Each structure stands twice: as structure tokens, then as C-alpha cells.
Amino acid sequence: MPVDVREPGTARRDPDKAPAKIAGMFDDIADRYDLLNTVLSGGLDRYWRRLAIASLKLTGRERLLDVCAGTADLAIRGARHGAARVVGVDFSGSMLVHGLEKVRHGGLEGRVQLVRGDATALPAAAGSVDAVTIAFGIRNVQAPQAACDELFRVLRSGGRLAILEFGVPHSRPFRLIYHWYFHNVVPRIGRAVSRHGDAYTYLPESVEAFKFGGEFAKLLNVSGFSQVEARPLMFGAVYLYTGVRN
């Protein structure tokens, strides 16, 4: 039985994840997204992305597909740390515009391509990539099992997977702090900086509704991935999921 890590008396609210609504929300906050990631994570988001790319054991020859690419932070890191070519896919056009600016600024136009697309219907042929990644995006997908199936489909045999996503700490003292921070600090800072009323209220709701840890690892197993691991980071506030397509 999965452990219910919500605080007593807290009702779980499943947020609306209709693709058009989520894409529109990210379009609205795209110009402040990177700043808020850094502020709200205390800069740890960069460390977590570094761990994700390191887990892929890239050699300099791989083709990497980064799904829910956002403003291309993980795609750029992949290109700079071992991938020969990277394609980033996201359904928010404004996020990709900001990502493209960063790609050009880094002189990576020849190695990083950004494409608008859906995680549940990826614009890539079966077995066409050597590695796939998602950073903090799988919980926003309306049908996460379908997205996992797509990740498996596009990977070649022996290809590796790395997914970063929020969880909820199992340690009660840390969970209390985390719960307070996500429900009181995050929405206030998010609204003040992004000037968007709903985006940073959606964040804690989407995290608490997401089936993390072993439950999400089961979805990867169902899709066909082997050697699946769910590695908790920061007491389980974040998880790094890894797996292989045999």
C-alpha cells in the first residue's frame, strides 16, 4: 500500500491537466520561469539536472531526446556533457522561444533542436534515440502511462532513461517544512514574480496528486523498462528515476 504523505485533514485535489490549459499556463510564465526555478529551489535544480545527465553515461556519440523540455536547461546540459545531438520537445511555444534564445547564446544551434510536440505522441521514430530525459514535467502530462510508453518506443535497445520529478518527503519533520513551504511560500513568491495567479498554486497541487517513488516506477516497468530505480533526493522532495530499454 502506498503511504499517504499528506498532512492530516488535507484533501487531495487533482488539478486539471488538459493539455491546452497547461500549455497556456506555461506560456504565461515563460519569461520568469528560469528565475523562479532558481529562487524556489535555492539553485538545487541545477544540481539535480547534473545528476540526471550523469546517470545516462553519455560518451559523446548519443542522440538525446528531452521531453517536456521547457526552456531547454536539460537539453543544453545534455549537449554540453556528452550528447552528440539533442532534440527538445515541449507543448508550450513560449517556453521553447526562451529555450531557443539560450541555445543560440550558447552556440549550440547545430546540436540542439527544439520542437513543439506532445509527450504522449512524440515526433520521433521508434528506436531512433539513445537516451531520453524529462525534468519536472511528467507530472504535468494528462496521461503519464502513455508518455512512458512513448519514451520506451523511441529508445533503441540499450538506451537509457532519466526522469526528475518532485515527490513528497517521508520524514515527518521535513514533510511539515516542505508542506508549509509549498503551500505558503511558493504560491506567494510565484504570484509576485510571475504575475500569474494560478501557476504556483497549481504546483503544490500537481505534486501532491502525482504518484511518485515506487508508484511511478511501476509505470516505467509496465511500459517495458528494466533496471528501474527511483532514487530519492533531498529526503524524497525530488526523485531521479532511471531505467534501460533492453
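Where is the place of F235? Select F235: its place is the loop between β6 (226–233) and β7 (238–244). Helices (H or I, at least four residues) and strands (E, at least two) are DSSP runs, numbered from the N terminus.

Before going on, note that this is a predicted model: local features need pLDDT of at least 70, side-chain atom pairs count only at pLDDT 80 or more, and totals for chains, interfaces and linings use all residues. Residues are numbered from 1 along each chain as its sequence is written, and side-chain values use heavy atoms, with hydrogens and water left out.

**Two phenylalanines with positive phi**

Stay on F235. Its phi is near 65°, a positive value in a residue other than glycine. F235 counts as exposed, at 62% relative accessibility. The classes are buried (under 20% relative accessible area), exposed (over 50%) and partly exposed in between, with a 1.4 Å probe and protein chains only.

Now select F136, in the loop between β4 and α6. F136 is not a glycine either, yet has a positive phi of about 55°. F136 is buried, with a relative accessible area of 9%.

**G117**

Next, G117. Find it in the loop between β3 (112–116) and β4 (129–135). G117 has a relative accessible area of 18%, so it is buried. Leaving aside neighbours within four places in sequence, G117 is in contact (heavy atoms within 4.5 Å) with V89, D90 and F91.

**α6 against α9**

Select residues 144–154, helix α6, and residues 214–223, helix α9. Their axes come within 9 Å and cross at roughly 50°. Axes are lines fitted to C-alpha atoms, for helices over the stretch in contact, and angles run from 0 to 180 degrees between N-to-C directions. α6 and α9 are therefore oblique to each other. The scale is this: under 35 degrees is roughly parallel, over 145 roughly antiparallel, 65 to 115 roughly perpendicular, and the rest oblique.

α6 passes α9 in a right-handed crossing. A crossing is right-handed if the near helix is turned clockwise from the far one by less than a right angle, and left-handed if anticlockwise. Show the side chains: P144, Q145, C148, D149 and F152 of α6 meet F216, L219, L220, V222 and S223 of α9. By class, this contact has seven nonpolar, two polar and one charged residues. Ala, Val, Leu, Ile, Met, Phe, Trp, Tyr, Cys and Pro count as nonpolar, Asp, Glu, Lys and Arg as charged, and the others, Gly among them, as polar.

The structure holds zero disulfides (pairs of cysteine sulfur atoms within 2.5 Å).

**α2 and its two partners**

Move to helix α2 (residues 33–41) and helix α7 (residues 172–194). They pack at an angle of about 150°, with axes 11 Å apart. That makes α2 roughly antiparallel to α7. The crossing of α2 and α7 is right-handed. L35, L36, V39 and L40 of α2 touch Y181, V186, I189, G190, V193 and S194 of α7. The contact has eight nonpolar, two polar and no charged residues.

Last stop: helix α3 (residues 44–55). The axes of α2 and α3 come within 7 Å and cross at roughly 95°. α2 is therefore roughly perpendicular to α3. Select N37, T38 and S41 in α2, which meet L44, D45, R46, W48 and R49 in α3. These residues divide into two nonpolar, three polar and three charged.
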